[in-house]
Amino acid sequence: MKKQIVSLFVIAGLASAALAGPLTFDFKDPKGVNNAQFKLDAPLEAISGSAGGISGTVMFDPANPGATKGKIVVAAESLTVPNTMMKDHMHGNQWLDVATHKEIIFEAKELKNVKTADTVTTADAVGTFTLKGVTKDVTVPVKLTYLKDKLGQRMPNAKGDLLVIRANFTIKRSDYGVNPKAPTDKVADEIDLTLSIAGAAPQK
Amino acid sequence: MKKTLQVLAVVLALAIVASWAALGANRGWTKTSREVRQLDEVTGIEGITNVSAFMPGVDFLGAGLLAAAGLAGVSFFFRKPKPTTI
């Protein structure tokens, strides 16, 4: 009888684990902490700025981090630099044309070279990057940190998990038609991008 | 008049250099906002907020010094008053 009860609990545990599946993390951060930073380091001028208008969802399974998929969207209009005139130029049709191309999108389709230690997973996210209406295949090194039951520490009265994603990669503005004729000694062709974002999966 | 313009030019040049130096001696372009970073202790992410701030750059310095030089230049169009003879 005792053995049967133990077996029942084991089966129930396995079944619930199998049913748990991937969690959906929403990256629209009500605290406004999520950000993407960009840096262009040309010989004559270094330009750096950030963007805060981040949204998107990521499907993450704590039992199988390698199966992570998702899409992160940055509102192009949220890109800012410390000089107002430079910001207006950057948003203009010669550069990012934010009035027409409102979103900058990174979509992760699969993870490769997945390494998980405790709650931290590092991998190469294979997917696409869309900027100014041009979509290209990219492979981006990412670090995922799963924070179980930590949502309540950020949002009072909320229960659930957090997923922190960090990524750092480089793109070429000429690949995406961002004023490709602009002299590279003033505005670098390479754009260094850093993403630091946290998503929430509230318990239902 | 000549003397007044020259004094004004020197005062303007000094004021421009002093305010540029006092507001951070920024060697880039003039900035109208600056980033304030705050660490989110739960996630470890540094949140970025942009707040209004005026940090004059080399464009401000150049334009100010050019204006001072212009004033000094204009002063040379005025002749010294001739001493009256008895």
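Helices and strands here are DSSP runs, numbered from the N terminus. The model shown in every view is predicted.

**View 1. A:Asn113, a strand residue with positive phi.** A:Asn113 sits in strand β7 of chain A, which covers residues 103–117. Its phi is near 50 degrees, a positive value in a residue other than glycine. A:Asn113 counts as exposed because its relative accessibility is 56%, and exposed means over 50%.

**View 2. A:Asp149, a loop residue with positive phi.** The loop that holds A:Asp149 runs between β9 (134–147) and α3 (151–154) of chain A. A:Asp149 is not a glycine, yet its phi is positive, about 60 degrees. Relative accessibility is 47% for A:Asp149, so this residue counts as partly exposed.

**View 3. Confidence along chain A.** The mean pLDDT of chain A is 91, and 90% of the residues score at least 70. Among the elements of chain A, strand β8 (residues 120–131) has the highest mean pLDDT, 98. Helix α1 (residues 2–20) has the lowest, 54. Over residues 13–18 of chain A, pLDDT stays under 50. For that stretch the model has 0 contacts beyond four places in sequence.

**View 4. B:Lys80 and B:Lys3.** B:Lys80 lies in the segment after α2 (58–75) of chain B. With 68% relative accessibility, B:Lys80 counts as exposed. B:Lys3 is 77 residues from B:Lys80 in sequence. In space, the two are 8.9 Å apart, C-alpha to C-alpha.

**View 5. The contact between chain B and chain A.** Chain B gives 16 residues to the contact, and chain A gives 24 residues. The area buried between the two chains is about 1400 Å². Carbon and sulfur atoms give 52% of that area. In chain B, the residues that lose the most area to chain A are B:Val42, B:Thr43 and B:Ile45. Together they account for 38% of what that side buries.

**View 6. Polar links across the contact.** Between chain B and chain A the count is 1 salt bridge. The side chains of B:Asp40 and A:Arg154 meet in a salt bridge at 3.0 Å, N to O. On the side of chain B that touches chain A, β1 (31–39) and β2 (46–55) are the elements that give two or more residues. The largest share, 5 residues, comes from β1(B). By class, this side has 4 nonpolar, 7 polar and 5 charged residues.

Methods: Residues are numbered from 1 along each chain as its sequence is written. Chains are lettered from A and ligands numbered from 1 in the order in which they are written. This is a predicted model: local features need pLDDT of at least 70, side-chain atom pairs count only at pLDDT 80 or more; totals for chains, interfaces and linings use all residues. Side-chain values use heavy atoms; hydrogens and water are left out. Helices (H or I, at least four residues) and strands (E, at least two) are DSSP runs, numbered from the N terminus. Buried means under 20% relative accessible area, exposed over 50%, partly exposed in between (1.4 Å probe, protein chains only). pLDDT is the predictor's confidence in each residue, from 0 to 100. Contact means heavy atoms within 4.5 Å. Buried area is the accessible area (1.4 Å probe) that two parts lose on being put together, summed over both. A salt bridge is a side-chain nitrogen of Lys or Arg within 4 Å of a carboxyl oxygen of Asp or Glu. A polar contact is a pair of N or O atoms within 3.5 Å; within protein, one must be able to donate a hydrogen and the other to accept it, and residues adjacent in sequence count only if both atoms are side-chain atoms. Ala, Val, Leu, Ile, Met, Phe, Trp, Tyr, Cys and Pro count as nonpolar, Asp, Glu, Lys and Arg as charged, and the others, Gly among them, as polar.
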